[in-house]
Amino acid sequence: MTETITTDVVIVGAGPVGLFTVFELGLLDVRVHMIDILGKPGGQCSELYPEKPIYDIPGFPMVTGQGLVDNLMEQCRPFSPTFHYGEMVESVEALGDAISPRFLVRTDAGQVFDTKSIIIAAGGGSFQPKKPPIVGIEQYEGKSVFYAVRKMDAFMGKKVLIVGGGDSALDWVLNLHSLAERVTLLHRRDAFRAAPHSVNAMRDLVASGSMDLLLGQITSLKGAEGQLSGAVVKHDDGTSTEVDCNVMLPFFGLTMKLGPIADWGLNLHENLVPVDTEKFETNVPGIFAIGDINTYPGKLKLILSGFHEGALAAQKVTRYVYPEKRVTFQYTTSSTSLQRKLGVA
Amino acid sequence: MPKITFIDSAGTARDVEAEQGSTVMESAVRNGIPEIEAECGGACACATCHVYVEPDWLEATGKAEPMEEDMLDFAFEVKPNSRLSCQIKVRPNLDGLTVRTPSRQG
Ligand SMILES: Cc1cc2nc3c(=O)[nH]c(=O)nc-3n(C[C@H](O)[C@H](O)[C@H](O)COP(=O)(O)OP(=O)(O)OC[C@H]3O[C@@H](n4cnc5c(N)ncnc54)[C@H](O)[C@@H]3O)c2cc1C
Ligand code: FES
């Protein structure tokens, strides 16, 4: 069991809105821990459209998704927030009251945070693997169909079917082919999105007979009681073959699911969290929601709106963290105290 | 304005008037066509605007660009006539275009 981390605020989601809020909180001396299920910061911007241009960030006629995230990381660096990547926030337990809120936040990795407030910046929800629409696949999930690899040893001596054409699929082909009894890679076409050196390594293994490459799409699965025994694959020419396998790893990219947020005692409206427009606080005092995840009259799902929401939520968070302190309004341009925090004065 | 017909997975056909220069996806969304989700709003980043182009129209709609082919890897039940409708621009030669929508997007 890891030790409980005590902090001022936990931000759920390291998308652009969460990242800018770290900066706003930093100016107000609030300590932040950030948690995201992804392995990197940036949310939708870095996961869905890193190379696409954004044209409506104030002051940036054009910036790419990844470019914006890199800048936001640079901007919040002076406050050295702690990032916890690859962890999903699962549960929230309220301990305090409306005047001095306190919460225990738990992640799926077993980490516990004791915090005075929570800012939910969870966007469209946590990124989770897309599940292929194969009838009856649920009965195999977690037993012989896996969307992520936790322990490689589990595949020792198994006949593994890996489905997909991106880096995840190819990486696992290369990692598992020597451990597994046999690895088969299935993809819908003979072109791969993965890094060229992985694709070349995979082709070498196929040429030397160390693994199989199959082109087509799965139409059904065979097996019993959660144990897979084969997959029926349809090819472009209309013919079908059955692949002998006892484990399947499908990699069809990620989709956003609201996930555990639904169970935290918050009001929900069509999978969004209603907030006020003064502090962007939810129905639970001390829990805020900003960015794509929230809703209020006139809400626009724009990064720009999320930045504003984060700045106002930060003000109220500061009142919970420092109930005695008077928060004075200051400009970063002229305030030496703010500039000292930023390390420029 | 060019007319586009969407046939859903149950076989129901719906006609819409499509604005030139817009995309087939946008025409669907503007007219509330079911079975087109278009989560990413047309950025070729979600594969939830997947359609099957009727064989007669394959030549007029042309081929998917490599970026679109990459994104089609994330769609399900992809066929040789699969396209992402946000990547098909409405032009006069597409008047009468007919596409089918799959029963599930993403
Ligand atoms: C293709 C595309 C183009 C776009 N173009 C623009 C544009 O031009 N201009 C514009 O303003 N907006 C644009 N948007 C929208 C913009 O990306 C979003 O408004 C923005 O990303 C929202 O930021 P966010 O921080 O609220 O959430 P997200 O970016 O969605 O990040 C939320 C993060 O929270 C994490 N998370 C959620 N739940 C949990 C949990 N329980 N535990 C751990 N982590 C969790 C998720 O994994 C995710 O990383 C575009 C979106 C797309 C898809
Ligand atoms: S709308 Fe997202 S790929 Fe077409």
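Author: Let's sort residues into classes first: Ala, Val, Leu, Ile, Met, Phe, Trp, Tyr, Cys and Pro count as nonpolar, Asp, Glu, Lys and Arg as charged, and the others, Gly among them, as polar. This is a predicted model, where local features need pLDDT of at least 70 and side-chain atom pairs count only at pLDDT 80 or more, while totals for chains, interfaces and linings use all residues. Residues are numbered from 1 along each chain as its sequence is written, chains are lettered from A in the order in which they are written, and side-chain values use heavy atoms, with hydrogens and water left out.

By class, the second largest pocket is lined by 16 nonpolar, eight polar and seven charged residues. (A pocket is an open set of points on a 1 Å grid over the protein atoms alone where a 1.4 Å probe fits, with protein on both sides within 12 Å along at least five of seven lines; lining residues have an atom within 4 Å of a point.) Of those 31 lining residues, Gln217(A), Ile218(A), Thr219(A), Glu77(B) and Val78(B) are the closest to its centre. Strands E11 (182-187) and E13 (217-224) of chain A each supply at least two lining residues, and E13(A) gives the most, with three. (Strands are DSSP runs of at least two residues, numbered from the N terminus.)

Both chains show up there, and here's how they meet: 15 residues of chain B are in contact (heavy atoms within 4.5 Å) with 13 residues of chain A. By class, that side of chain B has nine nonpolar, one polar and five charged residues. Over all chains, the salt bridges come to 26.

Technical notes:
Helices (H or I, at least four residues) and strands (E, at least two) are DSSP runs, numbered from the N terminus. A salt bridge is a side-chain nitrogen of Lys or Arg within 4 Å of a carboxyl oxygen of Asp or Glu.
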